[in-house]
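Please read these points with the structure open beside you.

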Amino acid sequence: MSLQIYNTQSRSKETFIPLEPGQVKMYCCGVTVYDYCHLGHARSYIAWDVVRRYLEWLGYTVKYVQNFTDIDDKILNRAQAENSSMEAVSERFIQAYYEDLRRLNVRDADAYPRATENITEIYQLIQQLEKKGYAYASNGDVFYSVEKFPEYGKLSGRKQDQLLAGASGRVSASEGEKKHSSDFALWKAAKPGEPAWESPWGEGRPGWHIECSAMVRRLLGSTIDIHGGGGDLVFPHHENEIAQSEAANCEPLARFWMHNGMVTVGGEKMSKSLGNFTTIRQLLEQVDPMAIRLFVLQAHYRKPLDFTTEAIASAENGWNTFKEGLLFQHQYGEKLGWHLNGNGNSLSLHSEAVERFQTAMDDDFNTSGGLAVLFELAKELRKEGNVITHEGKTETPLEDIQQTWWTLVQLSKVLGLEVQTQDTQTDAVSGLSDAEIETLIQKRLNARQAKNYAESDQIRDRLKEAGITLIDRPGGETVWHR
């Protein structure tokens, strides 16, 4: 069975074939950085992290981009309330995002573009739309003319007469400035006291939707393989992205549109506007990060995920079972005369378990089905551990136990379920392969050449935490050792 992905646009599962053999271009909408991330955000970015990990496990090279919206009314309102600045608020919550999501073992994206760093690309795209007749200026604002794009609504299934102005809460222009009620802002004229940039239409700032279209095109090109985001972004955000990008580029924006379901509390979507949210860092004060990750992965990414105390407790119990399995070699290896050579790569995988895991994951990233396979492996190891504890030995051949453990370790890593120990020999559980290290070193070199020293330092720190020492030599060469 080949990988099948549910495409929101076609409303059906389709066989995944990338635009370029072996390469995947993937973009996911990031957070508006005016507050701490809540569990709903964690659900989304854990989902895309698993999609990326699984694609890489299948052998693809994935370029993954996730933006930060760092100019928005909500950020400006927070800055005003705190007597601060837009830049200070944005930077504080961008760093909080990194801290929270890394604790959940969500890997960093390959790039985190910010709206304020792409102003030139944004107004160039707007100029292109204006030249083609899809956009019009009005008193310093620029609007997209929805009626000029006949396919508008093809993602959400909405018809023109169903569309409502300002459905996202992001469009604040008065009706009199638009030609049609469903037209949306591409550029907003400057308001007193707000940050603004020079543009062909006067000082102002970009609308929300145009940011992603500009950043996708700059970093990934006119057409990408996968565009992801929360289900609440289908309309109007992603619908508007399609209208902007496809009108300008005359090519499909994305071949696959993926949307995750919402986290609910008592049947209502978890959101800051409703005040029923739990921040990631609040939850991390009480719950193991991997238990939170397991809680998220127990439901299919497209389905609603109900947040309850009982569900979290169940996930904690499940993680304890997983953790026992992942630490089996660390706990019982000495008794069995089992010592890892290198990082364990000489061990074989349980082919039947791998096949069942892949069958589940090939069905639109069915993590719950994949977890069922892993739980079986973990419980098998728990059983062996109990026998060893009570009888001092086991009749099961060591090769079979090693295969079960190594299969659990490797497949759990695909889902980002990993555990760290103090024993350096257990790097097989949480360590990096040589290829992964070389890839990170190249990314660090690219960041340094681009003078993105913050990203360069982050990569060095990540490698250091994994026990990898880097030595920079003259001429730009970097050597490493464990």
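The numbered points below describe parts of a predicted model.

1. Start with the parallel sheet. Four strands form an open sheet in the order E4-E3-E9-E10, and their pairing is parallel. Strand E4 (61–66) and strand E10 (254–260) are the edge strands, since each of them pairs on one side only. From one strand to the next, the twist averages 20°.

2. Look at one pair inside that sheet. Strand E3 (residues 23–28) and E4 run parallel and are joined by six bridges.

3. How far apart are the axes of H1 and helix H8 (residues 289–297), and at what angle do the two helices pack? The axes are 10 Å apart and the angle is about 80°. Angles of 65 to 115 degrees count as roughly perpendicular, so H1 is roughly perpendicular to H8.

4. Which residues make this contact? From H1 come Leu39, Arg43, Ile46, Asp49, Val50 and Arg53, and from H8 come Ile292, Arg293, Phe295, Val296 and Leu297. By class, the contact of H1 with H8 has seven nonpolar, no polar and four charged residues.

5. Now take the antiparallel strands, beginning with a hairpin. Strand E5 (residues 135–138) pairs with E6 in the antiparallel sense over four bridges. In this pairing, alanine 135 stands opposite tyrosine 144 of E6. The hairpin of E5 and E6 has two residues between the strands, and asparagine 139 takes a positive phi near 55° there.

6. The side chains of E6 deserve a look. Asp141 and Phe143 point one way from the strand, while Val142 and Tyr144 point the other way. Are these residues buried or exposed? All are buried, and the cut-off for that word is under 20% relative accessible area.

7. E6 also pairs with E7, in the antiparallel sense and over three bridges. Phenylalanine 184 in E7 is the bridge partner of tyrosine 144, and alanine 185 in E7 is the bridge partner of phenylalanine 143. E7 is mostly covered, with five of its six residues buried.

8. E7 has another pairing to check. With strand E8 (residues 204–206), E7 pairs in the antiparallel sense over three bridges. Lysine 188 stands opposite arginine 205 in E8.

9. Next is a residue in a loop. Glycine 153 lies between strand E6 (141–144) and strand E7 (184–189). Why does glycine 153 count as buried? Its relative accessible area is 6%, and buried means under 20%. Leaving aside residues up to four places away in sequence, glycine 153 touches Arg158 and Glu239. The C-alpha atoms of glycine 153 and phenylalanine 235 are separated by 8.5 Å, although these residues are 82 residues apart along the chain.

10. There is also an open sheet of three strands, in the order E12-E11-E13, with mixed pairing. Its edge strands are strand E12 (268–269) and strand E13 (305–306), each pairing on one side only. Strand E11 (residues 263–265) and E13 run parallel and are joined by two bridges. In that pair, valine 263 stands opposite leucine 305 of E13.

11. The last point concerns a helix pair. The axes of helix H15 (residues 434–449) and helix H16 (residues 453–465) come within 7 Å and cross at roughly 155°. Angles over 145 degrees count as roughly antiparallel, so H15 is roughly antiparallel to H16. The crossing of H15 and H16 is left-handed. Among the residues in contact are Ile437, Leu440 and Arg444 of H15, and Tyr453, Ile459 and Leu463 of H16. By class, the contact of H15 with H16 has seven nonpolar, one polar and six charged residues.

Key:
Residues numbered from 1 in each chain as written. Predicted model: local features only at pLDDT ≥ 70, side-chain atom pairs only at ≥ 80, totals over all residues. Heavy atoms only, no water. Buried < 20%, exposed > 50% of the residue type's maximum accessible area, 1.4 Å probe, protein only. Contact = heavy atoms within 4.5 Å. Axes fitted to C-alpha atoms, helices over the stretch in contact; angles between N-to-C directions. Parallel < 35°, antiparallel > 145°, perpendicular 65-115°, else oblique. Left-handed = near helix turned anticlockwise from the far one by under 90°. Nonpolar A, V, L, I, M, F, W, Y, C, P; charged D, E, K, R; others polar. Pairing = 2+ DSSP bridges.
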